Amino acid sequence: MTHWIVAPVILPALGAPFIVLAARYHVGIQRVLSVAGVLALIAIALGLALHTSDGTVILYRMGDWAAPFGIVLVADRLSTLMVLLTSVLSLFVLLFAIGSGWDSRGRHFHALFQFQLMGLMGAFLTGDLFNLFVFFEVLLIASYGLMIHAGGNTRLKAGTQYVLFNLIASTLFLFALGSIYAETGTLNMADLANRAALVDPQETVGIRVAAVLLLLVFAIKAAVVPLHFWLPSSYAEAPAPVAALFAIMTKVGAYAIIRVYTLVFPPNMEATAGLYDLWLLPAALISVAIGMIGVLAAKRLDRLVAYSIIGSMGIVMVSIALFTPSGIAAALYYIVHSTLAGAALFLICDLVLVGRGSLDLKPRPPAAGNAATAALFFVGATAMVGLPPLSGFLGKLLVLDASFNSDLVVWIWAVILGSGLVSIVGFARAGSILFWKAHATKAEDDGVLLSPPATLSYVAVGGLIALMAGQTVFAGQIHGFATSMADQLFAPQPYISTVVETPGKLSAPAKGDH
Amino acid sequence: MELLVASAIGILTAGGLYLTLRLRTFPVILGISLLTYAVNVFLFTSGRLAIGAAPILRDGVSTYTDPLPQALVLTAIVISFGMSAVVVMIALGAFLGADDDHVDDLPDAETDSDQKGDEA
């Protein structure tokens, strides 16, 4: 069983070069290979998730080197959930890319897509901080390629900003890793958890700087205000399927914060006291507010969706910053919801663009495929703003419930509920301008009539929305699973001992075999 | 030697930050290169500074230097080199396409006017 952990990384890593080398000029073969790869990934992810669902921690040692010396991959409930979420999301995104023809507007979409998946899977599975950096770079360099897929001046310009911002974040990540290594002498997360607890309370300056730097890096990835500036234009200018896939990228930041700050710098640690409730929580609340105000202020649909991503990431971060088991459980439930809702909305943006020819929020005559797109937009927007009956409502309810014992409970309730109202107004305004006012607007020139989007595109968006509906119907089970995940995160001893104590090469001098 | 290395890192970082804030792609890319040099030296020192010490165990040697930071630096150099190449290509494409090398969104751009408002 253990070898299956590395499969989600290896499979796309082999698939991508194969697509480049063997099927370079045949988009049909590329599509088949890419979809087959993603289906296999889903099967593996399901297997891993089932295997870890009873609380086992699976360990994979690269080259059989024992933990602090070699690189390890670790799969527990949280990692496998994220792997499963990523692979399922990527299937629908891929179907949309095929249906809408986005993948044939440049030659290497499928190869880059597979490399992106490789980076994402690796980031979720690795148990080593430097390896996390490497996988971040893998997913980033693939995302640079995907971001500027199909070219165009505005896209290239947004791509430049995106790449530069992420390069600075990577540099910051290396500074954080350097300070952690200088302070503790290890970069393996489990080993680090043991050693960080041993740091003398009088001499925590170095480790505190490292913890804050690392939090900054992950906050950039998670687009927490004031580090969110890269997100709106890069997500809005990226091709729609890419933007939908990027919906999981902000969650990588959230995942890394949950992982590192429950394992290495737990909330009861003295050195990092105040980091969450004093800094992260207010920043997250401001993110919620800025994101939802951005929704109201946006003049284009793609920007509107990008800001709603910032807002929903804010809600995730509020829930994480509580750093209680119920808070983390609510955050995990909301992460799944927000990924699906964000991706669906970005895909709907493209449906609107194909049928209407423009994403400006100004009245235009009715577009091709208006009714179906409008219905999907209505459902997607309902989910995103958190109205009943969809999963967004339940997710927000869980977050509000989890924040009940916090000192800032009044602020949290006020900001989340107030910004919820603002975003409802924003989405309602966008929807009514796009779809309703269209009927009162006369067509100015009866020139080209745009054809409606392809059926497969609707299937992909419908699939994402069906998943959200499933998340609502099975909310009890999913929240129960999220709670068990949070319990596992707050009792990291089995994780640490599995990683540190499993024997491998170089493991124990006591063995006496060398 | 500690002072020399520390001040070198400091000066490289300061120069890199200054150039990064210049808002034209060429100085920004140069600035990021300087920052990556700074972080490479920084990573190198995270295993403590030792002169003329061997990184790999062998007979008859008593002082060693930590080999891991050297491996980390090697990885970081390769990655930052590749990333710099990518950003140069993308920035060049953007510059040649739009005949404009500003990194930030200009206020006159139609699509960005909404963004300015709430980020200010």
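Biologist: How far apart do the end C-alpha atoms of residues 127-419 of chain A lie?
Modeller: Bear in mind that this is a predicted model. The stretch comes from an unreviewed UniProt entry, which lists it as "domain: NADH:quinone oxidoreductase/Mrp antiporter transmembrane". The span is 76% helix and 0% strand, and its end C-alpha atoms are separated by 37 Å.

Biologist: How many helices and strands does the secondary structure of chain A come to?
Modeller: Strands β1 (residues 58-61) and β2 of chain A are joined to each other and run antiparallel. Counting over chain A gives two strands, and the helices come to 19.

Biologist: OK, what radius of gyration does chain A have, and what does the globule rule give?
Modeller: The C-alpha trace of chain A spans about 85 × 60 × 40 Å along its principal axes. The globule rule gives 24 Å for 514 residues and the model is close to that, so chain A is as compact as a globular protein of that length, with a radius of gyration of 23 Å.

Biologist: Then what share of the residues in chain A is buried?
Modeller: The cut-off is 20 or more other C-beta atoms within 10 Å of a residue's own. Of the 514 residues in chain A, the buried share is 60%.

Biologist: Which residue of chain A stands opposite V72(A) in β2(A)?
Modeller: β2(A) covers residues 72-75, with V72(A) and V74(A) pointing one way, L73(A) and A75(A) the other, and all of them buried. Four bridges join β1(A) to β2(A). Opposite V72(A) stands R61(A).

Biologist: What about helix α13 of chain A: how far does it reach from its first C-alpha to its last?
Modeller: α13(A) runs over residues 325-356, which makes 32 residues. It is mostly covered, with 30 of those 32 residues buried. At 1.5 Å a residue the expected reach is 46 Å, and the model comes close to that, at 46 Å.

Biologist: And which residue takes a positive phi just after α13(A)?
Modeller: The helix ends at residue 356. Just after it, the phi is about 85°, and the residue is G357(A).

Biologist: Last one: which helix gives the most to the side of chain A that touches chain B?
Modeller: The contact takes 33 residues from chain A and 33 residues from chain B. On the chain A side, α5 (129-147), α6 (153-184), α9 (231-237) and α11 (275-297) each supply at least two residues. By class, that side has 20 nonpolar, eight polar and five charged residues. The one that gives the most, with 16 residues, is α6(A).

Technical notes: Residues numbered from 1 in each chain as written. Chains lettered and ligands numbered in written order. Predicted model: local features only at pLDDT ≥ 70, side-chain atom pairs only at ≥ 80, totals over all residues. Rg over C-alpha atoms; globule rule 2.2 N^0.38 Å. Buried ≥ 20, exposed ≤ 12 C-beta atoms within 10 Å, placed from the backbone. UniProt positions renumbered as here; feature names shortened; annotations may be inferred. Contact = placed C-beta atoms within 7 Å. Nonpolar A, V, L, I, M, F, W, Y, C, P; charged D, E, K, R; others polar. Pairing = 2+ DSSP bridges. Expected span 1.5 Å × (residues − 1).
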